Amino acid sequence: MVQVDMGRDGNGLDMAAPAILEAQMDPTEANLVEAYIRANDVTGDASFSWANDELRGLVWQEPERAWLVILAIVERHPAIWVLASLGAGPLEDLLQTHGPLFIDRVEQEAQRNENFRRGVLANVYPIACRPTEVAERIRRLIENGSGE
């Protein structure tokens, strides 16, 4: 996997946010978090597009690791279009393939984290989630979250 130099921003600040979740990850997963953000940012650095496929693969093959990566991306507070991509892509896929395993955690995270609820979850298409009970719970979360 490609190593990502997180570097410093124009103000000299360290761009690697001190997220607790990232402390639980191996270096490959931390690189995936950064690469996903760079690939889906408004400028969309194509050299990091591998991160989309990598995260999609984790959703199917290692859903627990995919969930940690999704949460770590949210904790970095990326731009809204990165969050929207995360909701319409990896989170929606996770709920489609492993909905019963993750729906309780998604509900807890939506209650705890406004960034997750408004930026990510609002971009999940409920009808894509499986089974129907999961789809209905997602629909209620989105409706209740948007009315606040």
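**Buried and exposed charged residues**

Visitor: At what relative accessibility does R117 count as buried?

Guide: The model is predicted, so local features need pLDDT of at least 70 and side-chain atom pairs count only at pLDDT 80 or more, while totals for chains, interfaces and linings use all residues. Residues are numbered from 1 along each chain as its sequence is written, and side-chain values use heavy atoms, with hydrogens and water left out. Buried means under 20% relative accessible area, exposed over 50%, and partly exposed in between, with a 1.4 Å probe and protein chains only. R117 falls in the buried class because its relative accessibility is 12%.

Visitor: Which residue has its backbone oxygen 2.8 Å from a polar atom of the R117 side chain?

Guide: R117 has its place in helix α6, residues 114-120, where helices are DSSP runs of H or I with at least four residues, strands being runs of E with at least two, numbered from the N terminus. The C-alpha atom of R117 is separated by 9.0 Å from that of E107, which is 10 residues away along the chain. The backbone oxygen found 2.8 Å from a polar atom of the R117 side chain belongs to A110.

Visitor: Which residue meets E107 in a salt bridge of 2.5 Å?

Guide: A salt bridge is a side-chain nitrogen of Lys or Arg within 4 Å of a carboxyl oxygen of Asp or Glu, and the structure holds 16 of these salt bridges. The pair in question links distant parts of the chain, 30 residues apart, with E107 in helix α5 (residues 80-112) and its partner in helix α7 (residues 132-146). Both partners are buried. The residue whose side chain meets that of E107, at 2.5 Å from N to O, is R137.

Visitor: Is E109, the salt-bridge partner of R112, buried or exposed?

Guide: R112 and E109 both lie in helix α5, 3 residues apart, which is about one turn of the helix, and the closest N and O atoms of their salt bridge are 2.6 Å apart. R112 is exposed because its relative accessible area is 55%. E109 has a relative accessibility of 9%, and therefore counts as buried.

Notes: Polar contact = N/O pair within 3.5 Å; in protein donor to acceptor, adjacent residues only side chain to side chain.
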